[in-house]
Amino acid sequence: MDPLLDEKFILTVSQVLPEHFQKTLQVQAEREAYGPSKNEGFCYENATCVEFVGDLSGKVYLGLDGYTKLKLLPRIAKSFQIDSTSRAHSSSIMMEFANQISGKLISEMRLGRFEIDILPPENLNHKLVPISLERYRQYILIFFLKDRREEEYLGRLYTILLLEKYPQK
């Protein structure tokens, strides 16, 4: 358990996520709150989990409420050049977006000389996700999303970061 490594990961999330939102969606993501959490679970309208393994193992969850998903989905689909009106595509669009963010996050950690790989994203929409506080340290980062050009509030993105306390053998 290395608090400095946790801090590095949190700072990396705080840097990579807003840059990705600005670059791909022209949306400003301002970190509104962050810190350790003791929640034993969560459930969101849209939730995607990306697990990572290596020198540091854990999971990143990106959670959106219904309002935020409704506002972001057309923008994300447009960035992928996909028709967002097809309901069948919405989950895969959101999962791919989460996968891109996680990929950038892991790439940044690799630049810091950490050997980390990501596993395929998992769709957890509308599912109650339990969290083992015995196995993981938990941090939550909440980002306020807005479009400065149109002066439009887009909602909040909830980022839950789980880091393994003790590596599994």
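User: Which strand holds the place of N123, and what makes a run of residues a strand?

Analyst: N123 sits in strand β6, residues 122-123. Strands are DSSP runs of E with at least two residues, helices are runs of H or I with at least four, and both are numbered from the N terminus. The model is predicted, so local features need pLDDT of at least 70 and side-chain atom pairs count only at pLDDT 80 or more, while totals for chains, interfaces and linings use all residues. Residues are numbered from 1 along each chain as its sequence is written, and side-chain values use heavy atoms, with hydrogens and water left out.

User: Why is N123 called partly exposed?

Analyst: Buried means under 20% relative accessible area and exposed means over 50%, with partly exposed in between (1.4 Å probe, protein chains only). N123 has 25% relative accessibility, so it counts as partly exposed.

User: What else does N123 touch, and how far apart along the chain are N123 and T48?

Analyst: Contact means heavy atoms within 4.5 Å. Leaving aside neighbours within four places in sequence, N123 is in contact with A47, S91 and M95. N123 and T48 are 75 residues apart along the chain, and their C-alpha atoms are separated by 4.9 Å.

User: Is S37 buried or exposed, and where is S37 found?

Analyst: S37 lies in the loop between β1 (28-36) and β2 (41-42). Its relative accessible area is 12%, so S37 is buried. Not counting residues up to four places away in sequence, S37 touches Q138, Y139 and I140.

User: Why is T159 called buried?

Analyst: The relative accessible area of T159 is 1%, and T159 is therefore buried. T159 is found in strand β9, residues 152-164. Its contacts, not counting residues up to four places away in sequence, include V13, L17, V60, Y139 and F143.

User: How do you know that the length of helix α1 agrees with its residue count?

Analyst: The expected span of a helix is 1.5 Å times one less than its number of residues. Helix α1 (residues 3-25) has 23 residues and should therefore span 33 Å; its end C-alpha atoms are 33 Å apart, which agrees.

User: What follows α1?

Analyst: Q26 follows α1, with a positive phi near 55 degrees, although Q26 is not a glycine. Q26 lies in the loop between α1 and β1. At 37% relative accessibility, Q26 counts as partly exposed.

User: Why is E151 called exposed?

Analyst: E151 has 73% relative accessibility, so it counts as exposed. E151 is found in the loop between β8 (136-147) and β9. Its phi is near 45 degrees, a positive value in a residue other than glycine.

User: How do you know that α2 spans what its residue count predicts, and where does α2 bend?

Analyst: Helix α2 (residues 66-80) has 15 residues and should therefore span 21 Å; its end C-alpha atoms are 21 Å apart, which agrees. The bend at a residue is the angle between axes fitted to the seven residues ending there and the seven starting there. In α2 that angle is about 35 degrees at L72, and a proline, P74, follows within four residues.

User: What caps the N-terminal end of α2, and which residues of α2 are buried?

Analyst: D65 caps that end, with a side-chain oxygen 3.3 Å from the backbone nitrogen of Y67. The buried residues of α2 include T68, L72, L73 and I76. Just after α2, Q81 takes a positive phi of about 60 degrees.

User: How many helices and strands does the chain have, and why is the chain called as compact as a globular protein of that length?

Analyst: The chain has three helices and nine strands. Its radius of gyration is 15 Å, close to the 15 Å that the globule rule gives for 169 residues, so the chain is as compact as a globular protein of that length. The radius is taken over C-alpha atoms, and the rule is 2.2 Å times the number of residues to the power 0.38. Of the 169 residues, 46% count as buried.

Definitions and conventions: A polar contact is a pair of N or O atoms within 3.5 Å; within protein, one must be able to donate a hydrogen and the other to accept it, and residues adjacent in sequence count only if both atoms are side-chain atoms.
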